Amino acid sequence: MLHIILILIISLIIIKFFFLCKSPSLSNLQGKNVIITGASTGIGEEMAYICAKNGANIVIASRRKTLLDKVASKCKNISPNQPIKVITCDLKHEKDCEKLINLSIEFFNEINDKPEIDMLILNHAMTLFEHMDFNNPKLMVEKLRDITMSNLIGFATLSHLTIPYMISDSNQKEFKSIIVLSSLMSTISLGMSWAYSTSKAAINSYFTSLNEELEYQELQNQIKITLCHLGSINTITMRSHTDKYFPKLLVDYMVLNVEVTAKSILQSGLNGQKELWYPSYGILLRYAYGIFPGIMRKIGFWIQKYLIKN
Ligand SMILES: NC(=O)c1ccc[n+]([C@@H]2O[C@H](COP(=O)([O-])OP(=O)(O)OC[C@H]3O[C@@H](n4cnc5c(N)ncnc54)[C@H](OP(=O)(O)O)[C@@H]3O)[C@@H](O)[C@H]2O)c1
């Protein structure tokens with residue numbers, strides 16, 4: 001058993017080293033037309049700053065205009081000549097997804113005469129960590145519907161609206177990329193993460209199928225999908241949930257830096273990587289759940305029962 005684990009760890013280090021060597025520079029963002037959803041806070045906000053710094057034309061979207069305006073003005077401070085557009089939208093509604101893509105295309109066409117999307121970053125998410133309330137089935141279904149509409153249907157709708165703007169008739173040299181933010185919580189499904197984990201697990205299946213479909217339709221050289229499986233990243237939203245339930249010392253020890261994470265995500269998208277596991281040892285959890293599902297579920301249950309503060 002021990003040597004299997006050792007082989008897995010060594011393979012991961014080799015893969016990681018291989019990708020690090022190949023990592024393209026973030027300056028490859030220069031002149032690219034990029035849309036970032038959920039850019040008012042957290043990882044999305046950080047990606048907006050990196051894109052601005054590296055010369056991308058950016059559209060940032062989310063529901064809260066005041067926060068988006070603050071992010072936009074910070075981007076302007078970082079890179080005064082870089083075009084940026086704020087679009088307020090609630091991406092659980094199909095109409096708002098259409099509005100985001102239509103206004104983005106108008107904007108890109110205006111600034112560089114190029115009605116194309118080079119990079120779509122599907123980052124927005126509604127998050128929920130709470131136990132199920134069996135006395136309130138209607139409310140439970142409503143919450144699940146809201147999260148699914150935003151996190152899954154919103155992602156799917158945006159990717160479908162975007163793909164036509166990523167396909168070109170000419171012999172396109174560079175590929176376009178769709179970056180999808182998923183979570184290790186799609187693998188470690190705790191009872192209290194029921195709605196969030198469901199949406200993230202569905203995203204994994206959906207975008208894996210979409211990837212296959214792009215290959216089937218011979219579009220794999222034009223569009224690359226990067227599915228990012230993230231662990232605990234030090235954002236306000238994540239801390240607002242974890243600090244409530246887990247010992248602070250443990251959370252402080254486990255969380256990863258937002259800026260470094262945002263850079264890794266953008267780099268893996270520029271690289272056309274199919275998957276990013278961040279941290280890279282997160283992939284071991286997937287193997288562990290595949291090989292010892294019973295034991296892993298028991299561990300998850302114990303964590304929920306004895307570690308989480310109720
Ligand atoms: N942080 C972590 O530890 C972690 C771990 C694994 C995966 N992830 C994933 O990484 C992504 C970013 O996480 P984060 O921690 O940076 O989250 P965050 O700070 O809460 O950011 C989420 C963003 O999504 C926007 N949003 C939420 N619902 C929306 C909707 N219906 N329509 C439009 N915008 C919406 C929010 O802005 P408004 O409220 O203004 O709309 C916010 O800008 C998420 O997909 C998350 O699931 C994060």
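Figure 1. Helix 2 is largely enclosed by the rest of the structure, because nine of its twelve residues are buried (buried means under 20% relative accessible area, exposed over 50% and partly exposed in between, with a 1.4 Å probe and protein chains only). The model is predicted: local features need pLDDT of at least 70 and side-chain atom pairs count only at pLDDT 80 or more, whereas totals for chains, interfaces and linings use all residues. Residues are numbered from 1 along each chain as its sequence is written, and side-chain values use heavy atoms, with hydrogens and water left out. Among the buried residues of helix 2 are Ile43, Glu46, Met47 and Tyr49. Helices (H or I, at least four residues) and strands (E, at least two) are DSSP runs, numbered from the N terminus. The end C-alpha atoms of helix 2 are 17 Å apart, which agrees with the 16 Å that its twelve residues should span at 1.5 Å a residue (the expected span is 1.5 Å times one less than the number of residues). Gly55, with a positive phi near 80°, follows helix 2.

Figure 2. An oxygen atom of the ligand lies 2.8 Å from a backbone N or O atom of Ile43. For Asp90, a polar side-chain atom is 2.9 Å from a nitrogen atom of the ligand. In the side chain of Ser150, an N or O atom lies 3.5 Å from a ligand nitrogen atom. The protein buries 94% of the 890 Å² that the ligand exposes when taken alone (Shrake-Rupley method, 1.4 Å probe; for residues, only the protein chains shown count as cover).

**Figure 3. The shell around the ligand.** Of the 30 residues around the ligand, those that come nearest are Ser40, Arg63, Tyr196, Thr235 and Thr237 (a residue is near if one of its heavy atoms lies within 4 Å). Strand 5 gives the most to this shell, with three residues.

**Figure 4. Ser197 in helix 6.** Ser197 has its place in helix 6. This residue counts as buried because its relative accessibility is 2%. A polar atom of the Ser197 side chain lies 2.6 Å from the backbone oxygen of Met185.

Technical notes: A polar contact is a pair of N or O atoms within 3.5 Å; within protein, one must be able to donate a hydrogen and the other to accept it, and residues adjacent in sequence count only if both atoms are side-chain atoms.
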